[in-house]
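Work through the exercises below with the structure open beside you. Try each task before you read its solution.

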Amino acid sequence: MMKIVDTVRHVRKACALVLAVGGALAVLSGVGSSAQAADEKELVFAGFGGSLQKSLQATVIPAFEKKYGVKVVYVTGTSNQILAKVKAQRNSPQIDVIWANDTTHYQGKAEKLYAKLDPAKVPNLSQLYDFAKDRDGIGIVMGVQALGIEYNTKVFKEKGWAPPTSWADLWDPKYKGHVVFYNMPIGYTNLLFAKIADMNGGSVTNLEPAWNKMKELQPNVLAFVDPPAQVDALFGTGSAWIGFNGSARVHDFAGTGAPVAMVLPKEGGILYPQQFDIVANAPHPDLAQKFIDFTISAEAQKMIAESLLLGPVNKTVKLDDAAAAKVPYGEKNVTALLNLDIGPINQNLQSLTARWTAMVGGR
Amino acid sequence: MSTTVENGRLSAAGNSLLRLNAGLLLVPALLFYAALFVWPLVLSTWGSFAPAGQLSLETYAHFFGDEFYRSVLWRSMRISAITTLMTLIIGYPIAVYLSQNWRKGRSLVVFLVIAPMFVSAVVRSYGWIIILGPNGILSSLMNSIGIPMGHLLYSEAGVIIALTHVFLPFMVIALVGSLQQIDPSLARAAQILGANGVSVFLRVILPLTLPGISAGSVIVFCLAASGFVTPALVGGAAVPVMPYLVYKEGLLVLNWPFASAVALILLVATALVTAIYTFAVRDGASKRRVVR
């Protein structure tokens, strides 16, 4: 009997403790959120990690903070992780602006996760190339890469080979076992897959020719990879001879002394846009609009081109020759890139990825 | 009434306070596990059975109805089992060596065994990319002595080699603990009764270390089955395992119900295999005891 009384008392004490701690936490978090709502002094930005984060935090972000006297909190993730976060926080968003790639921009848009831009608060919109403005006024393209062929200059020199010229070169038997290919649903792959279909009598709505072509490519492939860093590792060790990649990635890696270079194939390099999107019901909506406006200003676009190696989308930006050599730059070059609409691929990404995973994992 | 006054000074009230404190000691751990383990598990289990808000077995039918997914589950179990066996074969001699305190160079061996745990899994796996790759040390070495071989990167064998390296310490530690508990006089007694080295090992030492083997195997098997970084980087998309599927479905295509289902299938499969194994080893040990 005594025991039961004891136990009950212990349980009651434990409950009181839990309630006290929980109450304290609730009070603390309440204080936090009311302070935030009072005035917009903080912007929560979710962006890519690694060198891209470092560059953005060294240039655009401090310039923005200084201009508006605010603080930017940087949350790191890959585009898919960021989208997953925004999706999970749908009912109580914690993030204001996100960095998306083409795929996550359209995925999030389809799920109504992003807010519209307010043209009155984003006057710099008038200076952009047409392709950089979203049709529905949701988000903007903040910079572009060109998707092209990456090759190992050291190996090519040793073997006396000329640089590749066509997407079809990836199928050349002389590269057997040394081609590196990103997996679906990496944004680069989704775009190239549509192009491969197109080059072989299919289209973005008829992908079967691309699937057949991928089966033919498999013996040539050293690895199908997910993380871009692994592509660098394979090129760096000389295991990879040829593959495809975004221009910013290749030039960034080449800048470290790695033996890689990029060519835009004769069928055309592919435009690979990167978007900034405002999260729907963001905690700091006004500052988010200002951030977008600042990002596409000529001042910020020059910084983005020089440090992030993303081609400017603002027509008025002037780059020096060294910077211009590493990014898609100038109306003629930018508009020459293939601007593919891969809507049908984005809509079927789950089933296409499942088929892809089985194809590369079933070898 | 369980309160006893053992040394005359401890009052009943003091004793009950002690018991209360002992119970309270568990509270942080219980809260921690409830919040970070039980609750997410409940959520993802629910998510996998209710992909569209209502109860359905759709995700599980999708998994078991597809030959590719079944092959991934089988591959995960196979890789984990072979890795466990490899750590046992390599780890047992090391553990025997280490359990004999007087051996020279003991701390060096301990260091070599434990060292891999000091290095992050990502760095370690990149190391394997260099060693196992087409231009790696292994291929170059074999080619230079006239045995042409391809490379083991992005192959199941490569994954097993890397996993064995990573999880060897867990097996060794479990075995050393078990070996050190054996009374040395047992081996001597067996020798005096005429047993040679082999039968001392097979009939005395080995049966007595079965608990250690069982514990080490369960730990290594579970870690290998749930390991993600090493299989993803060394095996890649060509050697898909269950955690890779979870990553792909959960983080890349955001098919959360299916990712939850894959995770749960992995959990249940691992639990089943380890339960059957533990039961078999215990059963073997107790039968042996009866015979003896």
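**Ground rules**

This is a predicted model, in which local features need pLDDT of at least 70 and side-chain atom pairs count only at pLDDT 80 or more, while totals for chains, interfaces and linings use all residues. Residues are numbered from 1 along each chain as its sequence is written, chains are lettered from A and ligands numbered from 1 in the order in which they are written, and side-chain values use heavy atoms, with hydrogens and water left out.

**Exercise 1. Confidence**

Task: find the mean pLDDT of chain A and the stretches where the pLDDT is below 50.

Solution. 
- Step 1. Recall the term: pLDDT is the predictor's confidence in each residue, from 0 to 100.
- Step 2. Take the average. Chain A has a mean pLDDT of 89, and 89% of its residues reach 70 or more.
- Step 3. Draw the lesson. Where pLDDT is low, the predicted coordinates should not be read in detail.

**Exercise 2. Where chain A meets chain B**

Task: describe the interface of chain A and chain B by residues, area and polar pairs.

Solution. 
- Step 1. Count residues. Chain A brings 39 residues into contact with 31 residues of chain B.
- Step 2. Get the area. Chains A and B bury about 3,000 Å² between them, 65% of it on carbon and sulfur atoms. Buried area is the accessible area (1.4 Å probe) that two parts lose on being put together, summed over both.
- Step 3. Name the main contributors. A:Q230, A:Q350 and A:T357 supply 16% of the area that chain A buries against chain B, more than any other three residues.
- Step 4. Search for salt bridges (a side-chain nitrogen of Lys or Arg within 4 Å of a carboxyl oxygen of Asp or Glu). The rule finds one across this interface. A:D226 pairs with B:K248, and their closest N and O atoms are 3.3 Å apart.
- Step 5. Count polar contacts. Ten residue pairs qualify between chain A and chain B, both residues at pLDDT 80 or more. A polar contact is a pair of N or O atoms within 3.5 Å; within protein, one must be able to donate a hydrogen and the other to accept it, and residues adjacent in sequence count only if both atoms are side-chain atoms.
- Step 6. Find the elements. Helices (H or I, at least four residues) and strands (E, at least two) are DSSP runs, numbered from the N terminus. Helix 16 of chain A gives the most, with eight residues.

**Exercise 3. Two domains in chain A**

Task: which residues make up domain 1 and domain 2 of chain A, and how do the two meet?

Solution. 
- Step 1. Read the bounds, which come from an automatic or database domain assignment. Domain 1 of chain A is 42-144 + 273-340, and domain 2 is 145-271 + 343-362.
- Step 2. Size the interface. These domains of chain A bury about 1,600 Å² between them, 64% of it on carbon and sulfur atoms.
- Step 3. Check the pairs. There are zero salt bridges between the two, but four residue pairs are in polar contact.
- Step 4. Find the top element. Helix 5 of chain A gives the most to the domain 1 side, with four residues.

**Exercise 4. Local details**

Task: why does the salt bridge of A:E111 and A:K87 tie together separate parts of chain A?

Solution. 
- Step 1. The closest N and O atoms of A:E111 and A:K87 are 3.7 Å apart.
- Step 2. A:E111 lies in the loop between helix 5 and strand 4 of chain A and A:K87 in helix 4, so the pair ties together parts that are 24 residues apart in sequence.
- Step 3. A:K112 is found in the loop between helix 5 and strand 4 of chain A. Phi of A:K112 is near 55 degrees, a positive value in a residue other than glycine.

Technical notes
Contact means heavy atoms within 4.5 Å.
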